[in-house]
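Subject: Structure for your review

Dear colleague,

Please find the structure below, together with its sequence.

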Amino acid sequence: MSRISLFLNHWLVARTGEEIGPRSTFTRFKSWVEHENAGRPMAGVLDTLHTQAQVYQGWIQNAARRDGSDLDDASMFVYRTQAAKLEVVKPVLLWLYDVDRQITEDQRRRSLAAVESWLMRRALLRLPTNDLGRTVSLLINHLGSGDPDLAGQRTEEFLTRQRRRGTYWPGDEQIVREVPVTPAYRRYPRALLRMLLETVEDVERGHTGATRSKSGVRIPRHTMAIEHLLPQKWRSNWPVEGGLAAEIRRDERVHRLGNLTLLTTSLNSTVSNSAWHGQNGKHAALHKHDVILLNRRIRDMAQDQWTEDDIDARTLAMVTSLLGVWRVPEGHIGVPEDGQSLSDETIDMRDLLAAGVVSIGDTLVGRIDSSHVAQIGSSGVLLASGREFTSPSAAAKHLRGKQSNGWWYFRVADGRTLRDVRREYARSRLGETVSPRTNSS
């Protein structure tokens, strides 16, 4: 969509409090002008549109800036929601900054902070986005039915009442439990991941959800390279003791948030995969980038080596920083009504292997054809027909000769499908009971 079409759609949603599809924008705008505009001349409507469009354009242009200058609340909101691919929430921004509506700056800031926290916490957990458009329209209706001077408070009240998995506002406990074990580099889009790392760096520089640094200098946006501290190809220069179990434990941490940092320029492959110490080691490479406080912290905490325990500690610290930026109201627990907060899709075979729910050497059998057999190998790969596959669905596709959902297709020895095993493991992460693994013969 062109920017002007997208703006008009967002403006119309803000005016009507309705969820309006892009293809319906013109028809709904025509109806609004003719029947809901209270006889206001078209010249007046166009004047309002022009003024609002200029403000909207300013947010977009500010969000695209690649320097480290501070942004106003609205422009930062736009930058972060664009990084998370959540354009659908812009109508709330337009409602709060409507030229015909007077809302105090404190209330705008409080409302925006609540919406941003709601969105970013859901993005951290990779929760569904298909209900957000409807929820945004309901929020606008809720705000429009009350006192604009209480917009911030009413936004918080509305969002804390959301209980469905597609709309709830996650609390601290769930995020602290789930995000630290998420393979962030694989799960998050690059723009979102870079923004998360930038946000942690900004906290190091004195910017939090409620406070801006006196220096006003944030890290440059959009431009930084994302680097693994423990290399993706660690086996070349990072030996580990403890056999296969130690290798699995290390593999699990390679892509976690605490093993990632920002650099002003990408390292070449030799340095990127080098050992921690040495003239061309990772520790020395970080020294060249110590203008970034994230890297200064890493060098200070890991003088001798960079370990799995260091990754775990840094991941938790980074998650804590993000929760300090995207706060929830005091006392808010934030769990969905059905209790199923962990998305099954965020769990892969390596998660099940690490948890002991399945084991290396276990045999999986096809539901439709028992001759379709796969064996669980190291690092969660599946071995079938003499080949390795990185996912159950890839193995099932090879065996069946067509697209297949391997989580549904394969059974473990006790008859449960991999999908059942994965769901039970998800429940166990929420404090429920998980069935023990069963080794196959």
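In this predicted model, strand S3 (residues 363–366) pairs with strand S4 (residues 373–376) in the antiparallel sense, over three bridges. The link from S3 to S4 is a hairpin of six residues.

The axes of helix H11 (residues 190–204) and helix H15 (residues 293–301) come within 8 Å and cross at roughly 75°. Because angles of 65 to 115 degrees count as roughly perpendicular, H11 is described as roughly perpendicular to H15. Which residues in H11 and H15 meet? From H11 they are Leu197, Val200, Glu201 and Glu204, and from H15 they are Leu293, Leu294 and Arg297. By type, the residues of this contact divide into four nonpolar, three charged and no polar.

I turn next to the interior. In soluble globular proteins, nonpolar side chains tend to be buried together. The largest nonpolar core in this model has 78 residues, of which Trp11, Leu119 and Leu193 touch the most other members. Helix H6 (residues 105–124) contributes the largest share of this core, with eight residues. Apart from this core lies another, of 24 residues, which includes Met349, Val357, Leu382 and Phe410.

Leaving aside its neighbours within four places in sequence, Leu119 is in contact with Phe77, Thr81, Leu86, Val89 and Leu132.

Finally, please consider Pro128, which is found in the loop between H6 and helix H7 (132–144). Its relative accessible area is 25%, so Pro128 is classed as partly exposed; the buried class requires a value under 20% and the exposed class a value over 50%. Beyond its neighbours within four places in sequence, Pro128 is in contact with Arg122, Arg165 and Gly166. Pro128 and Leu294 are 166 residues apart along the chain, and their C-alpha atoms are separated by 30 Å.

Yours sincerely,

A colleague

How values were computed. Residues are numbered from 1 along each chain as its sequence is written. This is a predicted model: local features need pLDDT of at least 70, side-chain atom pairs count only at pLDDT 80 or more; totals for chains, interfaces and linings use all residues. Side-chain values use heavy atoms; hydrogens and water are left out. A nonpolar core is a set of buried Ala, Val, Leu, Ile, Met, Phe, Trp, Tyr and Cys residues joined through side-chain atoms within 4.5 Å. Buried means under 20% relative accessible area, exposed over 50%, partly exposed in between (1.4 Å probe, protein chains only). Helices (H or I, at least four residues) and strands (E, at least two) are DSSP runs, numbered from the N terminus. Contact means heavy atoms within 4.5 Å. Two strands pair if DSSP finds at least two bridges between them. Axes are lines fitted to C-alpha atoms, for helices over the stretch in contact, and angles run from 0 to 180 degrees between N-to-C directions. Angles under 35 degrees count as roughly parallel, over 145 as roughly antiparallel, 65 to 115 as roughly perpendicular and the rest as oblique. Ala, Val, Leu, Ile, Met, Phe, Trp, Tyr, Cys and Pro count as nonpolar, Asp, Glu, Lys and Arg as charged, and the others, Gly among them, as polar.
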